Amino acid sequence: MSEQKDIALAAREKRAKRVQNLKKAIIISLLLAILLPILLCIILFVRMGHLEKELEELKAERELQKVKESNAQVEAALSGQSSDAGLESGESLKVFAQGETDAKKEVKTTKVYLTFDDGPSGNTKAILDILARYQVHGTFFVVGKEGEAYKPLYRRIVEEGHTIGMHSYSHKYQEVYASVEAYAQDLTRLQEYIYELTGTWSRIYRFPGGSSNTVSQVDMEELITYLNQQDIDYFDWNVSSLDATGRKLSAEEIAENVLNNIEDYSTAVVLMHDADDKTTTVEALPIIIEALQAMDNVEILPITDDTVRVQHVLK
């Protein structure tokens with residue numbers, strides 16, 4: 001009798017353990033069923049953000065290439081080499097005049113403007129140190145960063161004779177380009193923040209993604225009109241380091257991208273970035289500066305009111 005009870009008890013314990021294991025398996029399955037889709041969604045969301053940024057940068061580069069090709073056609077037409085180019089001379093000349101007024105190199109000096117977007121960051125100090133070492137001034141299109149570590153960098157940009165420009169406060173395309181009102185609010189916030197820190201009322205701007213971006217929910221000409229009303233000039237670029245195209249380039253590749261295109265223009269506005277992840281841009285900067293300083297008739301300058309406007313979208 002006792003032996004039967006032991007057998008029954010053992011059977012019940014075995015069933016109970018099986019039930020308990022089954023419950024655990026069900027709970028784990030449910031948790032996985034809930035957590036895995038969430039995790040996948042997060043991964044996809046982050047990846048989509050990166051892809052969207054890369055796509056916009058590639059589109060901006062494509063638009064820039066179109067401008068360069070248009071400029072080349074106009075120059076050929078002006079020199080009598082391309083009578084069958086099929087260009088509307090008025091429209092083409094407008095692009096040419098805004099982006100590069102002296103493409104025929106009547107003025108032999110090439111003016112190079114080194115510009116840095118998306119800072120300040122941990123790399124901005126290193127860039128400022130390099131510029132100081134070579135006695136060169138650049139232009140920094142900054143965003144809004146309120147951390148205490150960043151505030152001295154805004155001041156240092158101005159105090160050391162560089163030009164400080166605006167690149168939107170948030171650099172979030174969906175917010176900045178939601179409407180003219182949203183754009184104005186973002187710009188004013190950054191302009192006042194720069195003034196509060198440096199005493200400088202910045203009057204130059206670079207659109208996130210460039211004026212040729214395709215993500216703005218507002219016609220870019222409306223935003224350009226707004227800038228004109230505020231007495232603010234905007235600058236794009238005609239030489240790109242390609243340091244923000246998704247693939248991390250070496251310092252040598254970045255330098256080559258810049259130096260191979262400088263001689264195409266008498267006014268060369270060079271696009272670079274001083275965000276936290278642009279360490280190879282920092283490494284490329286001395287290579288670029290030394291090569292430029294070794295060239296004849298090349299000046300490295302900060303953007304000023306007298307700088308020829310380089311613009312992708314003309315109005």
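Q: Why is the pair Arg156 and Glu160 called a salt bridge?
A: The closest N and O atoms of Arg156 and Glu160 are 2.5 Å apart. A salt bridge needs a side-chain nitrogen of Lys or Arg within 4 Å of a carboxyl oxygen of Asp or Glu, so the pair qualifies. Keep in mind that this is a predicted model, where local features need pLDDT of at least 70, side-chain atom pairs count only at pLDDT 80 or more, and totals for chains, interfaces and linings use all residues. Residues are numbered from 1 along each chain as its sequence is written, and side-chain values use heavy atoms, with hydrogens and water left out.

Q: What makes Arg156 buried or exposed?
A: Arg156 has 17% relative accessibility. Buried means under 20% relative accessible area, exposed over 50%, and partly exposed in between (1.4 Å probe, protein chains only), so Arg156 is buried.

Q: How do you know how Lys151 and Glu148 are held together, and how is each one classed?
A: Their closest N and O atoms are 3.0 Å apart, and that makes a salt bridge. Lys151 sits at 19% relative accessible area, so Lys151 counts as buried, whereas Glu148, at 60%, is exposed.

Q: What makes the salt bridge of Arg203 and Asp305 a tie between parts of the chain?
A: The two side chains meet at 3.0 Å, N to O. Arg203 is in the loop between helix H6 (180-198) and strand E4 (204-205), while Asp305 is in the segment after strand E8 (298-300), so the pair links parts that are 102 residues apart in sequence. Helices here are DSSP runs of H or I with at least four residues, and strands are runs of E with at least two, numbered from the N terminus. At 29% relative accessibility, Arg203 is partly exposed.

Q: Why do E1 and E3 count as partners of E2?
A: Strands pair if DSSP finds at least two bridges between them. E1 (residues 110-117) runs parallel to E2 with three bridges, and E3 (residues 163-166) runs parallel to E2 with four, so each case passes the cut-off. Thr139 of E2 stands opposite Thr115, and Thr163 is its bridge partner in E3.

Q: Why is the crossover of E1, helix H3 and E2 given its hand?
A: A crossover is right-handed if, with the strands pointing away from the viewer, the path from the first strand over the helix to the second runs clockwise. E1, H3 (residues 124-133) and E2 make such a right-handed β-α-β unit, and E2, H4 (residues 151-159) and E3 make a right-handed β-α-β unit too.

Q: How do you know where the coordinates of residues 70-105 stand in terms of confidence?
A: pLDDT, the predictor's confidence in each residue from 0 to 100, stays under 50 over residues 70-105. Where pLDDT is low, the predicted coordinates should not be read in detail. The mean pLDDT of the protein is 83, and 76% of its residues reach 70 or more.

How values were computed
Contact means heavy atoms within 4.5 Å.
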